[in-house]
Amino acid sequence: MTGFNAIAAVERLKKETKELRKKRYRRSRLDRYKAELIALKQEGASNAECQRCYAKIASK
């Protein structure tokens, strides 16, 4: 009989899978304008209008 432990191997593989699926958050360039963009969306601005507004802000 070999020293292979299937239960331990499955536990190790499940732990590795969980680590691989963990979301990694990377800051967006839009994070600093989050409040303004949310306010625009709540007032009914379309995505295209939000993009134009952001383009004006970013070019300053």
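Buried means under 20% relative accessible area, exposed over 50%, and partly exposed in between. The model shown in these views is predicted.

**View 1. Tyr33 and Tyr54 form an aromatic pair.** A search of the whole structure finds one such pair. The ring centres of Tyr33 and Tyr54 lie 5.5 Å apart, with the planes at 65°. Planes over 60 degrees apart count as edge-to-face, so that is the class of this pair. Tyr33 sits in the loop between α1 (6–21) and α2 (34–42). Tyr54 belongs to helix α3 (residues 47–59). Tyr33 and Tyr54 are both buried.

**View 2. Tyr54 and the largest nonpolar core.** Five residues make up this core: Tyr33, Leu37, Ala45, Cys50 and Tyr54. Both tyrosines of the aromatic pair, Tyr33 and Tyr54, are therefore members. Leaving aside residues up to four places away in sequence, Tyr54 touches Arg29, Leu30 and Tyr33.

**View 3. Helices α2 and α3 pack against each other.** Two packed helices are described by the angle between their axes and the distance between the axes. Here the angle is about 145°, and the axes of α2 and α3 are 10 Å apart. The crossing of α2 past α3 is right-handed. From α2, the contact involves Leu37, Leu40 and Lys41. From α3, Asn47, Cys50 and Cys53 take part.

**View 4. Gln51 in helix α3.** Is Gln51 buried or exposed? Gln51 has a relative accessible area of 56%. The cut-off for exposed is over 50%, so Gln51 is exposed. The C-alpha atoms of Gln51 and Leu37 are separated by 9.2 Å. Along the chain, Gln51 and Leu37 are 14 residues apart.

**View 5. Glu16 and Arg12 form a salt bridge.** Side chains of opposite charge can pair when their charged atoms come close. The count for this structure comes to two salt bridges. In the bridge between Glu16 and Arg12, the closest N and O atoms are 3.3 Å apart. Glu16 and Arg12 are four residues apart in helix α1, so about one helical turn separates them. Glu16, at 40% relative accessibility, counts as partly exposed. Arg12, at 47%, is also partly exposed.

**View 6. Glu19 and Lys22 form a salt bridge.** The closest N and O atoms of Glu19 and Lys22 lie 3.3 Å apart. Glu19 has a relative accessible area of 40%, so it is partly exposed. Lys22 is partly exposed too, with a relative accessible area of 47%.

Conventions: Residues numbered from 1 in each chain as written. Predicted model: local features only at pLDDT ≥ 70, side-chain atom pairs only at ≥ 80, totals over all residues. Heavy atoms only, no water. Phe/Tyr/Trp six-rings, centres within 6.5 Å; stacked < 30°, edge-to-face > 60°. Helix = DSSP H or I, 4+ residues; strand = E, 2+ residues; numbered from the N terminus. Buried < 20%, exposed > 50% of the residue type's maximum accessible area, 1.4 Å probe, protein only. Salt bridge = Lys/Arg side-chain N within 4 Å of Asp/Glu carboxyl O. Core = buried A, V, L, I, M, F, W, Y, C linked by side-chain atoms within 4.5 Å. Contact = heavy atoms within 4.5 Å. Axes fitted to C-alpha atoms, helices over the stretch in contact; angles between N-to-C directions. Left-handed = near helix turned anticlockwise from the far one by under 90°.
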